[in-house]
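Hi,

Here is the model I promised to pass on.

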Amino acid sequence: MNKIVLSFLLAALLLFSVGCGDVKEEIPPVETPAASETPETGSVEEQEETTVELPQLDGPVFDAETVNLDGETFNVLGFAREHDLTVVNFWATWCGPCVSEMPGLQSLHARFEKGEDQSSVAILGVCLDAENAGDVKAVLEYTGAAYPNIVFAQEMLEYVDLMYIPATVFLDKDGHIVGDPVVGAMDESLWLSEIEKRLGLLGLSL
Amino acid sequence: MKKLSISMKRRLVQFLSALAINLNLPGFINGNIYTGQLKGICVPVLNCYSCPGALGACPIGALQSSFAARGGKVAYYVLGSMLLFALTLGRFFCGWLCPFGALQGLLHKIPVKKAKIPNSVDRPMRYLKYVMLFVMVIALPLLVRNGVDMSQPFFCKWICPAGTLEGGVPLAIANGAVRSALGGQFILKLSIALLIVTACVLIYRAFCKYLCPLGAFYALFAKLSLYRFKVDAHACIGCGKCAAVCKMGVDPVKTPNSAECIRCGDCIGACPVNAIGRETPFCSRKNTKKENVE
């Protein structure tokens, strides 16, 4: 009997020490029912008040320099200037809900690319774990996501709280954040209504 | 200091444990969870990673997360921790340290007429927790994969009432962004949690008895755990008070190390002749005779 206990105990210790090397990797955030979150709501509410009337936004300008997934320099502000509204979607390969909403974002991208809408809207993905190149490739292939995707940069945390992902912010032509961020995964029709809401805040429509 | 009764002691330990495990108190106000280094450590109890106060990780959640990740990794560190917990104090963690167990104990204090579950229903239902462990925690996250070889933490996502009450609800109250993300899934999980809460008012520790996968894991090792109860067969007068007082439905004389025993110690307090003792390989209390009835 005691030998059995001892051997199990040894097994436990062995497993424990085997695993100890990469604790960080092993424990990604556990999904809660409310699997997502983002910025301090205070500043967001202020913005909402100022946007009741007109497109005058005086929040911070989302100005971040990074590279795209192919390693080419990418300026977020420069990209935003080319569109009326830029949907900036933060995701990671280990985040199930993030991956699940990417096909929906791709089909929106395909629609916006045609340029048949009144306003020009762009989807921009920001990958939080681009270092896992193999995983990124597999996710992009699986979801068919062909919209621009860039590598996360620390400075972006000035504009968005990424305690929970997926998290999405919307930028106007000047790089100002428009309305509340969206937290959690959504499907295509929900995305459309969120986009229309943000365009409405800017006095535009789809 | 005046001598505290064992149930008073237990209540005190439960309170201190709940506090120590969830010491990130500002999180409850700010609606944020703690993300420091300690979060890499598994706690020995079912305490949600996403509780705003939580300093550590729930082993059941961590295990599922590793299974559900791309490639279906096995977190040896988590499994090792669980095995270590199981083999040392085992379900003592359930009875004395688990905050969700403590909550269930409090719920049962609500003075309403308690349900009497007939043995023919109670006994089979006890196996449900093993189904939770082997199906919801292990099999589904390992086997139900999507096109990028990812899965979901099925138990956390679809059942765990501790997650709903410790993580979902406090975050939703304190954090507007979380609130905005709530939908049908939350309603479903809240309904499950309320159902279980109701059951716990009527049945002592209904979740522990019938559903908890971590309790089930510890229960598998109950016979091997270093911390054990022992009944002195010579001292025992067969009065049956221990079995009568046990709220988990165990008869300590027959099975002092039953898988269902959460080591609360009520039986020790109830024994008129001090025949029930606690022992580890290093020391044994109260009981001097070697005879072990098992």
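To start with, which residue of β4(A) stands opposite T86(A)? A122(A) does. Before the rest, some housekeeping: this is a predicted model, in which local features need pLDDT of at least 70 and side-chain atom pairs count only at pLDDT 80 or more, while totals for chains, interfaces and linings use all residues. Residues are numbered from 1 along each chain as its sequence is written, and chains are lettered from A and ligands numbered from 1 in the order in which they are written.

**The sheet in chain A**

Five strands make up an open sheet here, with mixed pairing and the order β5-β4-β3-β6-β7 (chain A). Strands are DSSP runs of E with at least two residues, helices are runs of H or I with at least four, and both are numbered from the N terminus. Two strands pair if DSSP finds at least two bridges between them. β5 (149–151) and β7 (182–183) of chain A sit at the edges with a single partner strand each, so one side of each has no neighbour in the sheet.

β3(A) and β4(A) run parallel and are joined by seven bridges. On the other pairing, three bridges link β4 (residues 121–127) of chain A to β5(A), again parallel, and C127(A) stands opposite V151(A) there.

β3(A) is largely enclosed by the rest of the structure, because seven of its seven residues are buried. Buried means 20 or more other C-beta atoms within 10 Å of the residue's own, exposed means 12 or fewer, and partly exposed is in between, with C-beta atoms placed from the backbone. L85(A), V87(A), N89(A) and W91(A) cover one side, and T86(A), V88(A) and F90(A) the other.

Helix α5 (residues 96–113) of chain A lies across β3 (85–91) and β4 of chain A, at about 150° to β4(A). That angle is between N-to-C directions on a scale from 0 to 180 degrees, using lines fitted to C-alpha atoms, for helices over the stretch in contact. S107(A) is in this helix, and it counts as partly exposed because it has 14 C-beta neighbours inside 10 Å.

**The two domains of chain B**

The domain assignment gives domain 1 (6–220) and domain 2 (227–294); such bounds come from an automatic or database assignment. Their C-alpha centres are 28 Å apart. Across the boundary, 18 residues of domain 1 of chain B are in contact with 14 of domain 2 of chain B, where contact means C-beta atoms, placed from the backbone, within 7 Å. On the domain 1 side, α5(B) gives the most, with four residues.

Helix α3 (residues 59–68) of chain B is mostly covered, with 10 of its 10 residues buried. Further along, β1 (residues 228–231) of chain B is joined to β2 (residues 276–279) of chain B by four bridges, running antiparallel, and R228(B) stands opposite E279(B).

**The core**

Which residues touch the most other members of the largest nonpolar core? Of its 138 residues, they are V87(A), L46(B), F93(B), F155(B) and Y218(B). A nonpolar core is a set of buried Ala, Val, Leu, Ile, Met, Phe, Trp, Tyr and Cys residues joined through C-beta atoms within 7 Å. Helix α4 (residues 76–88) of chain B gives the most to this core, with eight residues. Leaving aside neighbours within four places in sequence, the contacts of Y218(B) include F85(B), R91(B) and F93(B).

Cheers

Definitions and conventions:
Two residues are in contact if their C-beta atoms, placed from the backbone, lie within 7 Å.
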